[in-house]
Amino acid sequence: MAATTKVVLLDIEGTVCPISFVKDILFPFALQALPGTLETQWDSPAFARYRDAFPAEHAASREALAAHVEDLTRRDVKAPYLKSLQGYLWAKGYQTGQLKAPLFPDVVPRFASWKREGVTVVIYSSGSVPAQKLLFAHTNSDPADLVPDIAGFFDTVNAGPKTEAASYEKIAAQFPEYLAGEWLFLSDNVKEVEAAKLAGMQSFVVERLGNAELSAEARQQHRVIQSFAEL
């Protein structure tokens with residue numbers, strides 16, 4: 001990590017925790033919790049904001065909404081209204097201890113060293129901001145709650161699509177005390193890394209077990225790391 005780096009912007013899935021946690025644990029948990037939630041909370045004010053965020057044709061009935069959620073989840077569509085609902089469904093699982101985010105072992109030590117060095121940590125994920133906060137508040141680390149060490153959370157609603165340079169410029173604008181070149185974005189997604197670079201940030205590709213295979217071209221064009229210990 002360059003000495004000029006003052007802010008680290010982190011992706012979540014495939015960067016700080018395994019993709020399998022999201023695909024094999026979180027997604028199925030939400031689908032399992034959905035029917036009971038629709039049955040008991042359909043008309044509740046607390047649930048209405050999530051229901052009404054869906055397109056009208058899919059929010060017309062419990063059955064229509066359930067079918068749409070299952071379809072979007074199966075296709076891994078990054079629809080903001082789906083991400084918001086998933087966060088709502090995961091909340092109880094985190095709070096009861098059924099869900100706990102398995103961070104890669106090199107993540108927490110690096111968080112600690114960044115804190116000692118005065119480096120600011122910010123999160124940017126396609127998952128909703130509430131879902132991000134739940135994940136970092138309930139990890140397998142010690143301490144389990146890392147939210148106090150994170151200066152900001154961004155998603156596709158408050159920042160924009162992760163493959164567009166304008167989204168990274170918007171995030172950087174929220175921290176005017178730092179120049180774009182003082183940011184380092186870490187992600188397993190090559191297109192996201194390219195977008196961050198277009199916005200003037202430093203950016204590395206993170207290669208973790210279970211991530212998609214990187215092309216030879218990606219390895220030539222970008223610095224690739226397997227662990228935050230390499231920074």
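Thr5 is found in the segment before strand β1, where strands (E, at least two residues) and helices (H or I, at least four) are DSSP runs numbered from the N terminus. The model is a predicted one, in which local features need pLDDT of at least 70 and side-chain atom pairs count only at pLDDT 80 or more, while totals for chains, interfaces and linings use all residues. Residues are numbered from 1 along each chain as its sequence is written, and side-chain values use heavy atoms, with hydrogens and water left out.

Thr5 counts as buried because its relative accessibility is 5%, buried meaning under 20% relative accessible area, exposed over 50% and partly exposed in between (1.4 Å probe, protein chains only). Leaving aside neighbours within four places in sequence, Thr5 is in contact with Val119, Glu182, Leu184 and Gln202, a contact being heavy atoms within 4.5 Å. With Gln202, the side chain of Thr5 also makes a polar contact of 3.0 Å; this term stands for a pair of N or O atoms within 3.5 Å, of which, within protein, one must be able to donate a hydrogen and the other to accept it, and residues adjacent in sequence count only if both atoms are side-chain atoms.

Leu10 stands opposite Ile123 in β2, whereas Val8 stands opposite Leu184 in β4.

Which residues does UniProt list for "binding site"? The unreviewed entry gives Ser125, Ser126 and Lys162, and such annotations, given in the numbering used here with shortened feature names, may be inferred rather than shown by experiment. Although these residues are spread over 38 residues of sequence, they cluster in space, with a largest C-alpha distance of 7.7 Å.

Ser126 is found in the loop between β2 and α6 (129-137), and with a relative accessible area of 14% it is buried. Not counting residues up to four places away in sequence, Ser126 touches Lys78, Lys83, Thr156 and Lys162. Lys162 itself lies in the loop between β3 (152-154) and α7 (165-173), and counts as buried at 7% relative accessibility. The side chain of Lys162 makes a polar contact of 2.7 Å with the side chain of Asp11.

Note on methods:
Pairing = 2+ DSSP bridges.
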